[in-house]
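This report is for a reader who is new to the structure. Please look at the sequence and the model before reading on.

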Amino acid sequence: MAGNGKTVVRTLEDLTLDSGYGGAADSVRSSSVSLCCSDTHQSIVHGDNCWHLTESMHSRQNSLETVNTVLAEDTDILECSGQCAKLPELEDVPWSLGEVEGALRKDEELMVGDPPPEVLARLSALISRALVRVAREAQRLSLRYAKCTKHEIQSAIKVVLSWTISVNCITAALSALSLYNMSTGDKFSRGKSARCGMVFSVGKFFRWMVDSRVALRIHEHAAIYLTACMESLFREVFSRVLRSALVERDNGVPKFTLESLEQAINNDSEIWGLLQPYQHLICGKNSSGKLNASQGLFV
């Protein structure tokens, strides 16, 4: 029985949604699902996540709507006035805390110290917001052809993330896809994640994209790109926290706390806005509203 379970998991991981998923009867309904929260639209529950129906299939929204350049001190006013809606909070993310720790330990520079579980859990919750941002933008870009490929994920990464971070994430995605394409000889003996050289599960991300209905059809390369992007983003954010002067050290070993994590993120203008709970993205400002002069807006 255990062997049959492993076979099912392996089969799901190797699926490619190039021809659609869930049947034609569900296709029209799923085409209108958006990764956003709205009290004025009918909600549905798909898997463990609650998404809301919108008229996104009939609108001509563009990527500029993802970016908002309001000052940090104005967010409370916007929230109170209803102009700054919140991102949906994910109940289930396509990674585990063990996988997060394993992904961080892939980088030798990040193996200093041992972050406690509560720090990893908070980091996971924060980066899940970046996952929702990228997925929403990929969903918007996939509307024209009702298909999500690596190109939509790459474009979404460029829109949502800062220039420096997006370059690192796309480089990681290209590397993972190259390893995957070169490992055709052992595709039946190893899973996608192992063939891509990643810790995060490509199968979990693929199923998450299906459950979240990013597009009617999802190519396996899109899942690889998104997986590599999120794994790289975890290392990027954690490395910035590690290099922060706010992290106390004991004989050179960093002592991670929730407070030091939050403070390090608040002082970084490239990641603070990205990890905020608002639907609109606050670009190039830290929690004090200070601009990052070296970061341009990405469209």
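## Basis

The model is predicted: local features need pLDDT of at least 70, side-chain atom pairs count only at pLDDT 80 or more, and totals for chains, interfaces and linings use all residues. Residues are numbered from 1 along each chain as its sequence is written, and side-chain values use heavy atoms, with hydrogens and water left out.

## Overall makeup

The protein has 11 helices and 9 strands; these are DSSP runs numbered from the N terminus, with helices being H or I of at least four residues and strands E of at least two. Of its 299 residues, 51% are buried (under 20% relative accessible area, with exposed meaning over 50% and partly exposed in between; 1.4 Å probe, protein chains only).

The accessible surface is about 14400 Å², and carbon and sulfur atoms account for 52% of that (Shrake-Rupley method, 1.4 Å probe). Among contacts (heavy atoms within 4.5 Å) between residues at least 6 apart in sequence, 69% join residues at least 24 apart.

## Helices α5 and α11

Helix α5 (residues 117–141) packs against helix α11 (residues 258–266) at an angle of about 30°, and their axes are 9 Å apart. Axes are lines fitted to C-alpha atoms, for helices over the stretch in contact, and angles run from 0 to 180 degrees between N-to-C directions.

On the α5 side the contact involves E118, V119, R122, L123 and L126, which meet L258, L261, E262 and I265 of α11. These residues comprise 6 nonpolar, no polar and 3 charged (Ala, Val, Leu, Ile, Met, Phe, Trp, Tyr, Cys and Pro are nonpolar, Asp, Glu, Lys and Arg charged, and the others, Gly among them, polar).

## Aromatic rings

The structure contains 6 aromatic pairs. Rings of Phe, Tyr and Trp (its six-membered ring) pair if their centres lie within 6.5 Å; planes under 30 degrees apart are stacked, over 60 edge-to-face, and the rest tilted. One of the pairs, W95 with F205, is tilted, at 6.0 Å centre to centre and 35° between the planes. W95 is in the loop between α3 (75–80) and α4 (97–104) and F205 in helix α9 (residues 202–211), so the pair ties together parts 110 residues apart in sequence.

W95 is buried at 5% relative accessible area, and F205 is buried at 0%. F205 also pairs with F200, stacked at 6.1 Å centre to centre and 20° between the planes. W95, F200, F205 and F234 form one aromatic cluster.

## Q276

Q276 sits in the loop between α11 and β9 (281–282). Its relative accessibility is 16%, so Q276 counts as buried. Leaving aside neighbours within four places in sequence, Q276 contacts L87, R129 and R133.
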